[in-house]
Amino acid sequence: MLLAVLDVETVKQLTVDGFFRGCSYGLLGAGFALILGVTGRFHFAYAFTYTFAVYMAYQFTFPWGVPFWPSAALGVLVSACVGVLIERIVYRPLAANAGPNALLAIFVASLGLGIAGENAIRLYWGSETQSYYGPDKVAYTVWGTTFINFDVWQAASAIVLVLALAAILRWTALGRQIKATRVNPDLARIIGINAGTIYLIVFFIGSVFAGVAAIWYGLKYTVDPAMGFNPVIYAFVVAFLAGTARSPIRVFITGIIVALIEQYSSIWLSARWTQTAVFVVLVLYLTFLAVKTSGFTARIRRALPAGKA
Amino acid sequence: MELWLNYLDQILLYATLGLSLNLLLGYAGQVSVAHAAFGAIGGYTVGYMALNYNWNFLAGTLLGMLFAFVIGTLVALPALKLSTEYLILLTLAVSSVIIGIFTTFSELGGSYGLIGLPNANIFGWSMENPRDWVIPSLVAMLLVYAFCHRLGESAFGRVLKGVREDPLATQAVGKNVFAYKVGTFGMTSALAGFAGALLAAWFQLATPSVFGFSFSLTVFAIVIFGGMANLTGTVLGAAVVVLLDPLLRRAIHLEASTASLVQLIVYGLALVVLMRLRPQGALPEGFSIWRRITKGKPKPIRIEMLDDWEPTSSVAVHQPGAGLSDEAEAVREKARERIWQEAPVILETSGVSKRFGGIVAADDLAIQLRKGTITALVGPNGAGKTTVFNLLTGFIRPDSGSVRLNGVELVGQNPEKVARMGLVRSFQDVRLMHRLTCLQNVMLAVQHQSGENLGKLLFGGRAARRSEEETRAKAMDWLGFVGMAEFADIPAGALSYGQSKLLSLSRVLATEADVLLLDEPASGIDTKWVDTVLDLVEAVREQGRTVCIVEHNLHVVGRLADHTYFMELGRITAQGTIDELSNSPRLAEAYFGTA
């Protein structure tokens with residue numbers, strides 16, 4: 001029964017699909033993990049910066065007539081700046097104000113921004129699905145699997161960005177400062193690191209990752225104001241599964257694994273179940289985590305003040 | 001008119017759901033974004049049973065509440081061991097799974113959901129229009145309000161607030177934090193199921209989009225807008241959120257489609273502004289419109305109380321050793337050591353060891369605490385003194401060895417169980433509940449409160465109220481004991497460090513435990529208060545209670561301790577009077593780093 005369903009062609013195609021999809025999850029996850037891990041902000045409005053990037057790119061290309069690639073880059077850049085502004089204008093004053101309850105206050109504000117942002121997009125660009133196109137779509141067939149040029153570019157750019165981030169964290173002074181801030185922002189401040197600036201940089205990098213993922217998604221599929229929600233939920237899942245303080249490479253690989261689970265689960269489950277399957281995996285993982293850490297470490301962790309102002 | 005009645009129904013039903021979330025989010029501090037999904041369980045049950053089995057609306061509601069309760073409790077088991085960000089994620093995932101399951105089954109209408117539900121019927125009274133719904137939804141809202149108010153503003157609610165502020169400290173005064181969390185999660189899920197069932201019957205449909213994630217966020221926003229742990233605020237929040245739509249449409253003459261977008265933008269931005277300007281919400285915790293009208297503005301805290309204040313204990317304390325010469329002091333110490341030797345052992349450890357990886361935190365500890373005496377634990381930083389407290393009170397489980405209190409084994413017991421058995425510890429870093437008043441902080445620690453028991457609280461008649469009065473009186477006594485009676489109504493977060501140390505001492509005392517472990521009771525407080533604290537600890541000894549202190553200040557140890565253990569690198573290396581210990585050159589070197 002099991003083997004009958006498992007024909008090699010299907011598995012190969014699912015693996016390839018899973019890999020490409022996973023590159024997107026991994027990239028988003030790495031960006032979100034960087035933001036959450038370093039700043040401690042539960043940045044729900046990540047969904048908004050994601051969507052905004054592709055809408056801005058659309059705006060530059062179509063109404064304003066900028067060539068495709070520069071406008072894609074501009075879209076990513078503009079949305080990354082929005083991410084930085086959100087940190088500077090909204091989160092930072094909130095954190096200073098809310099003290100130990102900062103996590104919840106920022107989560108709520110972030111939800112608010114996400115809701116407001118999505119509906120502002122609807123108001124300006126309309127609620128309907130838009131098609132976003134530029135270069136021609138080229139399909140390849142390799143080893144009996146098919147994929148398109150956008151898949152390849154997306155995977156390549158995701159891998160380059162994640163490796164670049166890992167390299168920055170590993171070998172540069174900036175990377176060491178980011179890691180120091182992640183471990184203890186107050187201590188980092190004492191040794192002369194401007195934690196505020198590090199936070200802004202981290203929001204910039206994280207938002208660029210989201211923007212890049214969004215552009216490829218928009219090219220491959222279509223664009224709509226609510227498109228950010230699902231990918232960002234996956235980014236949360238991936239970031240938490242991998243651990244937010246872990247290397248971006250580890251987060252990226254976790255993203256690919258999640259996507260593969262999602263793809264393979266479609267062998268046994270109806271397609272509508274695949275998303276639920278991922279969340280079931282997450283619930284099981286969190287349950288496992290709760291059981292594993294139900295001892296003293298979990299209590300300490302819960303009891304610690306948010307600390308990351 | 002019909003339209004406004006419709007809005008009124010909607011406000012009442014949204015408020016019902018919001019109230020149940022407020023008990024969980026505002027009082028117990030558990031962030032759940034799955035509340036609408038639990039509502040969906042109620043709504044789908046009512047819909048499915050009505051459409052397929054012609055079940056009455058009330059029967060469906062009860063079944064839905066049961067399902068929501070069971071699933072909510074199951075989710076709570078792992079969820080409540082997690083930190084806030086993981087809890088948000090888990091409830092997000094659970095919400096997706098529940099809605100995902102509803103969307104997947106074609107029996108439940110797939111992504112279209114269940115539509116065309118029959119009119120709800122209560123004992124033969126069919127509700128056909130918004131007017132019919134006003135009374136039932138008002139009754140439902142009031143019922144849930146009364147239930148949440150009963151729980152929230154009682155001894156039960158005080159424990160929930162303790163869980164919210166500091167679960168560890170709440171455990172340390174003997175409350176079963178885990179049971180409270182899981183119970184509250186289950187109960188509020190059942191209430192959400194109740195509200196969801198009503199909503200489905202009112203909408204006459206149960207669809208994935210009605211109960212989707214965005215509805216969860218709406219309910220979440222209602223609670224945040226209104227004010228956490230303020231139930232009236234939640235009703236107000238529901239009114240604001242529901243009425244925003246018609247107001248915008250009428251006030252600025254927007255067409256329906258634009259108005260709903262602008263409404264969402266306004267309300268998204270309002271959340272941001274609210275978090276910035278008024279994070280406590282429209283009506284803050286503890287604010288009551290009724291009280292404000294009848295009693296007027298509360299008096300502001302007098303600043304001089306916080307600055308130039310000295311504790312004046314309500315009990316007369318005497319200083320037995322005051323004014324003695326050094327020799328006399330040494331003689332007195334010898335006498336105390338003899339008393340210690342003769343006193344019955346009340347707590348005894350043997351062979352207690354604990355390793356964290358390669359670090360030996362405790363190695364074969366043998367400690368005795370004797371009745372009516374003060375034992376001190378001294379030693380250099382990092383010797384493992386606080387770890388000993390954690391091992392004794394069940395916060396850390398030793399790898400081996402035994403801890404016996406009056407002959408009863410404590411190893412393997414939860415911290416709350418240990419506390420209830422009469423062994424209570426204080427924390428070096430105080431750990432007060434900042435948003436609770438000083439009196440509430442102390443009341444939390446009082447044992448055997450009927451109001452903490454749900455059955456007695458809801459059905460016990462006046463037992464809970466009587467117990468509450470007794471608790472209050474007891475707590476006032478202990479607050480007075482440390483000289484802080486005048487601070488009863490001031491939030492603990494407003495206190496200076498020295499005052500919070502005193503309050504934490506009062507909290508430990510209010511447990512009326514036989515054995516008290518005090519972690520640096522006199523450190524970090526004004527020197528002129530140190531004597532007050534020492535007097536208090538001595539007064540506690542006079543009451544026949546057993547005390548163990550961890551302390552760096554040898555003056556404090558010298559004055560209080562009847563017997564002293566010296567600890568180095570997780571081991572007890574010497575014991576005796578402080579005099580004997582401080583005359584040993586080796587120990588002096590270990591302690592002070594000089595020969």
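Predicted model: local features only at pLDDT ≥ 70, side-chain atom pairs only at ≥ 80, totals over all residues.
Residues are numbered from 1 along each chain as its sequence is written, and chains are lettered from A in the order in which they are written. As for confidence, local features need pLDDT of at least 70 and side-chain atom pairs count only at pLDDT 80 or more, while totals for chains, interfaces and linings use all residues.

Let's start with the interface. Chain A brings 46 residues to the contact and chain B brings 38 residues (contact: C-beta atoms, placed from the backbone, within 7 Å). H5(A) gives the most to the chain A side, with 15 residues (helices are DSSP runs of H or I, at least four residues, numbered from the N terminus). By class, that side has 32 nonpolar, nine polar and five charged residues (Ala, Val, Leu, Ile, Met, Phe, Trp, Tyr, Cys and Pro are nonpolar; Asp, Glu, Lys and Arg are charged; the others, Gly among them, are polar).

Now the helix pairs, with axes fitted to C-alpha atoms over the stretch in contact and angles running from 0 to 180 degrees between N-to-C directions.

| Pair | Axes come within | Crossing angle |
|---|---|---|
| H4(A) and H5(A) | 9 Å | roughly 150° |
| H17(B) and H20(B) | 7 Å | roughly 30° |

H4(A) and H5(A) are therefore roughly antiparallel (over 145 degrees). Their contact includes A:Tyr91 of H4(A) and A:Leu113 of H5(A), and its residues split into 11 nonpolar, no polar and no charged.

In chain B, the angle makes H17(B) roughly parallel to H20(B) (under 35 degrees). Among the residues that meet there are B:Asn441 in H17(B) and B:Arg507 in H20(B); by class, this contact has five nonpolar, two polar and one charged residues.

Terms used:
Contact = placed C-beta atoms within 7 Å. Helix = DSSP H or I, 4+ residues; strand = E, 2+ residues; numbered from the N terminus. Parallel < 35°, antiparallel > 145°, perpendicular 65-115°, else oblique.
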